[in-house]
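Reader: I am new to structures like this one. Could you take me through it, and tell me what each term rests on?

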Amino acid sequence: MTQTQRVLVTGATGTVGRQVVAELLGRGHGVRALTRDAAKASFPAGVEVVEGDLTEPEGLATALEGVTGLHLITFGGAAFSPLETGPRLLELARSAGVRRVTVLHGGGPTLLEDAVRADDGVDWTVLMPVEFMANALEWREGIVAAGEVREPFVDRLSAMVHEGDIGAVAAVALTQEGHGGQEYVITGPEVLTVGDKVKTIATAVGREIALVELTQQQALAQWRAEGLPEDVIDFLLEAYGNTPEVGRTVSGAVEKVTGRPARTFAQWAAEHADAFRGQS
């Protein structure tokens, strides 16, 4: 079905939300993008931009009119706090005729995701991506300025996923039958170390990039100097030092859902090579 479905995408200016918007547009569907400040948002031609805040669901009734699918995130407001409005959001969605809902997993249990999973009035799909390939953009400054990447736990493994593939899985689940009640762990097609990633970026930009391994204490000092909160630092230590199996295992969900292979990190690096050259 194309040209007949309209999807409301929340978190539309985020890393994943933008990809959901792009995939839906590319598949010929109508897209309505929700943002808290439409004046500051920029989207491709053909996207209908609406203002609203997930923390204030009563103001979203108009945004939901004529919508067949709804993509949700689990946090909202200026402080990005966990949403407590899930039940009301879903009630409004059902009343508006929404048939399918995707929710981007927030890394742990959340009230909104719990509400989605408990709702039998819509076909819901939970999207559970592992590490984003876009996270490698955090190395851009060090690569441009010094030709190096400074990281701890360099042998850690990751089945990192192209953010476009998260958008593709969401777009299919929001517009096609057969994905209701499903939970998709979304990964890339390969498992990589930090060294593998650095070599791949070096190939894409055509220059040597050194990998400097930090001790845990050096990493802590660097993260604190960057202003990272202690809870984020604790998360990074656990994720990097003891990566769970789910984060380092290829799932095959992208090909299963979309019918094409997941994109490689080499593809992602080629797409973003200019950023690592300091040109964008």
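Author: Start at phenylalanine 153, found in the loop between β9 (148–151) and α6. Helices (H or I, at least four residues) and strands (E, at least two) are DSSP runs, numbered from the N terminus. The model is predicted, so local features need pLDDT of at least 70 and side-chain atom pairs count only at pLDDT 80 or more, while totals for chains, interfaces and linings use all residues. Residues are numbered from 1 along each chain as its sequence is written, and side-chain values use heavy atoms, with hydrogens and water left out.

Reader: Why is phenylalanine 153 called partly exposed?

Author: Its relative accessible area is 26%. Buried means under 20% relative accessible area, exposed means over 50%, and partly exposed lies in between (1.4 Å probe, protein chains only). The value for phenylalanine 153 falls in between, so the residue is partly exposed. Phenylalanine 153 also has a positive phi of about 50°, although it is not a glycine.

Reader: How do you know that arginine 260 and aspartate 165 form a salt bridge?

Author: Their N to O distance is 2.8 Å. A salt bridge is a side-chain nitrogen of Lys or Arg within 4 Å of a carboxyl oxygen of Asp or Glu. The distance of 2.8 Å is within 4 Å, so the pair qualifies. Arginine 260 sits in the loop between α10 and α11, and aspartate 165 in helix α6 (residues 163–175), 95 residues apart.

Reader: What makes arginine 263 and aspartate 165 a salt bridge?

Author: The closest N and O atoms are 2.9 Å apart. Arginine 263 lies in the loop between α10 and α11 and aspartate 165 in helix α6, so the pair ties together parts that are 98 residues apart in sequence.

Reader: What about glutamate 23 and arginine 263: how do you know that they form a salt bridge?

Author: Their closest N and O atoms are 3.8 Å apart. This too is within 4 Å, so the pair counts. Glutamate 23 lies in helix α1 (residues 15–26) and arginine 263 in the loop between α10 (253–258) and α11 (265–271), so the pair ties together parts that are 240 residues apart in sequence.

Reader: Why is glutamate 23 called buried?

Author: Its relative accessible area is 18%. The limit is under 20%, so glutamate 23 is buried. Arginine 263 is also at 18%, so it is buried as well.

Reader: Which residues are linked in the network of salt bridges?

Author: Glu23, Arg27, Asp165, Arg260 and Arg263. By this rule the count of salt bridges comes to 18.

Reader: What is the strand order in the open sheet?

Author: The order is β3-β2-β1-β4-β7-β8-β10, seven strands with parallel pairing. β3 (47–51) and β10 (182–186) stand at the edges with a single partner strand each, so one side of each is left without a neighbour in the sheet. The twist averages 20° from one strand to the next. Axes are lines fitted to C-alpha atoms, for helices over the stretch in contact, and angles run from 0 to 180 degrees between N-to-C directions.

Reader: How do you know that β1 and β4 pair?

Author: Two strands pair if DSSP finds at least two bridges between them. Strand β1 (residues 6–9) and strand β4 (residues 69–72) have three bridges, so they pair. Valine 7 stands opposite glycine 69 in β4, and the bridge partner of valine 9 is histidine 71. β4 and β7 pair in the parallel sense over four bridges. There, glycine 69 stands opposite arginine 100 in β7.

Reader: Which way do the residues of β4 point?

Author: Gly69 and His71 point one way, Leu70 and Leu72 the other way, and all are buried. In a regular strand the side chains alternate between the two faces of the sheet.

Reader: Why is glycine 86 called buried?

Author: Its relative accessibility is 2%. That is under 20%, so glycine 86 is buried. Its place is in helix α3 (residues 86–96). Leaving aside its neighbours within four places in sequence, glycine 86 is in contact (heavy atoms within 4.5 Å) with Leu112 and Ala115.
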